[in-house]
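Good morning, and thank you for the time.

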Amino acid sequence: MTQPKQEFLDRLKAEFPSEFAIVVHPFTIEEDRSITHFVNILMVPRDRLHDVVWRAWEIAEEIYGDEPTTFLMTTVSPEATAEHFAEQLEATGRECVRIPAKLLSGIIQVRRRPVDSKPAFASGWRQGPAAQGLADGYTKLPTTGWSMHGSSQTKTPRLGHALLAAETVEADDPIQRRYYFAA
Amino acid sequence: VKKKAVASLAACKALVQRDLADSAMNRLYYALYQAGVEALERQGRSPKGLDGDSIDGRWSHPFFRKNGSLLRGDSKDSKLFKTAFELRVRADYTKVPVEIEHVEGLLPHVEKFVAQTCS
């Protein structure tokens, strides 16, 4: 990857909460032919949409200095993420589920479980907060079982788990966060 | 250009009141762009020789993204132009809508910019 620079994306990864996902895709526009990519910072709470992208540009300026940047960058709320990015995430080759926007509100609250704890599927949803199931310890998304059955209390964590497990990058690093490169 | 900047800002506020975020973002960006043009014209500058991306003697959008901080001497202004331009592109050309919180987050900064450059 040459653009945007990996260093820049690594800084975003280090600084922003792990709930945020990042999609980078090619993008061109007649009005500015220097633009080559669009960086979308997903799952950003609505009340932080402005300050997150503002901070992201501060990071970009620290890295790029006066060098012109060739990407655009905006933040996307959980609702818009659900509506507009599921197909794109699937296109990366990673499985993803389409989640009704009304079910997404709880997902941004999740935290990863300790790496050495039991997987949520083994321990069951009811043995702890739903967030425990949303773990980075998974390296693969189970291919079946994302149905909506169960009580209303289990719907959000099941779906949330599906999404975040899908977002977990296949990696040896157990704390690696979620990145997508649709390019 | 000054009148256009002020009118674009007023249109943006009216659209925010109606929760029309994409349209509001378009007007907000152009309020900023037009105020930027006003600032440059007051300094007696023209695109010729300064703006390599200029077409037909008009200031280009990339010029402000790259040099916005020179207009008021405020280092944050390039970031302001970048952020506003990006959201305007998203509003105008992509399927992902701009959200009203985006517009509301930028509005005070653009209001101040327009007030200072067009007063």
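At roughly what angle do the axes of H1(B) and H6(B) cross, and within what distance do they come? Before I answer, a word on conventions. This is a predicted model, in which local features need pLDDT of at least 70 and side-chain atom pairs count only at pLDDT 80 or more, while totals for chains, interfaces and linings use all residues. Residues are numbered from 1 along each chain as its sequence is written, chains are lettered from A and ligands numbered from 1 in the order in which they are written, and side-chain values use heavy atoms, with hydrogens and water left out.

To the question, then. The axes of H1(B) and H6(B) cross at roughly 155° and come within 11 Å. Here axes are lines fitted to C-alpha atoms, for helices over the stretch in contact, and angles run from 0 to 180 degrees between N-to-C directions. Helices (H or I, at least four residues) and strands (E, at least two) are DSSP runs, numbered from the N terminus. H1(B) and H6(B) are therefore roughly antiparallel to each other; the classes are roughly parallel under 35 degrees, roughly antiparallel over 145, roughly perpendicular from 65 to 115, and oblique for the rest. The crossing of H1(B) past H6(B) is left-handed, meaning that the near helix is turned anticlockwise from the far one by less than a right angle, whereas clockwise would be right-handed.

On the H1(B) side, the residues in contact (heavy atoms within 4.5 Å) include B:Val6, B:Leu9 and B:Val16, and on the H6(B) side they include B:Val103, B:Leu107 and B:Val110. By class, this contact has 11 nonpolar, no polar and four charged residues. Ala, Val, Leu, Ile, Met, Phe, Trp, Tyr, Cys and Pro count as nonpolar, Asp, Glu, Lys and Arg as charged, and the others, Gly among them, as polar.

Let me turn to chain B as a whole. Chain B has six helices and zero strands. Of its 119 residues, 54% are buried, where buried means under 20% relative accessible area, exposed over 50%, and partly exposed in between (1.4 Å probe, protein chains only). Among contacts in chain B with a separation of 6 or more, 63% join residues 24 or more positions apart.

Which residues touch the most other members of the largest nonpolar core? Such a core is a set of buried Ala, Val, Leu, Ile, Met, Phe, Trp, Tyr and Cys residues joined through side-chain atoms within 4.5 Å. Out of 44 residues, they are B:Met25, B:Leu28, B:Phe64, B:Val103, B:Leu106, B:Val110 and B:Val114. Two or more residues each come from H1, H2, H3, H5 and H6 of chain B, and H2(B) gives the most, with 13. As for B:Phe64, its contacts beyond four places in sequence include B:Tyr33, B:Trp59, B:Leu71 and B:Phe81.

A second, separate core of 21 residues includes A:Phe8, A:Val39, A:Ala60 and A:Phe71. A:Val39 lies in strand S2 (residues 37–42) of chain A and counts as buried, at 0% relative accessibility. Its C-alpha atom is separated by 5.9 Å from that of A:Val23, 16 residues apart along the chain.

A:Phe8 and A:Ala60 also take part in the contact of H1(A) with H2(A). The axes of these helices come within 10 Å and cross at roughly 140°, which makes H1(A) oblique to H2(A). Their crossing is right-handed, and the contact has seven nonpolar, no polar and five charged residues. A:Tyr64, in H2(A), is buried at 4% relative accessibility; the C-alpha atoms of A:Tyr64 and A:Phe8 are 8.6 Å apart.

Finally, where do the two chains meet? H2(A) and H5(B) pack at an angle of about 125°, with their axes 11 Å apart, and are therefore oblique to each other. The crossing is right-handed. A:Val53, A:Trp54 and A:Trp57 are among the H2(A) residues that meet H5(B), whose own contributors include B:Leu80 and B:Thr83.
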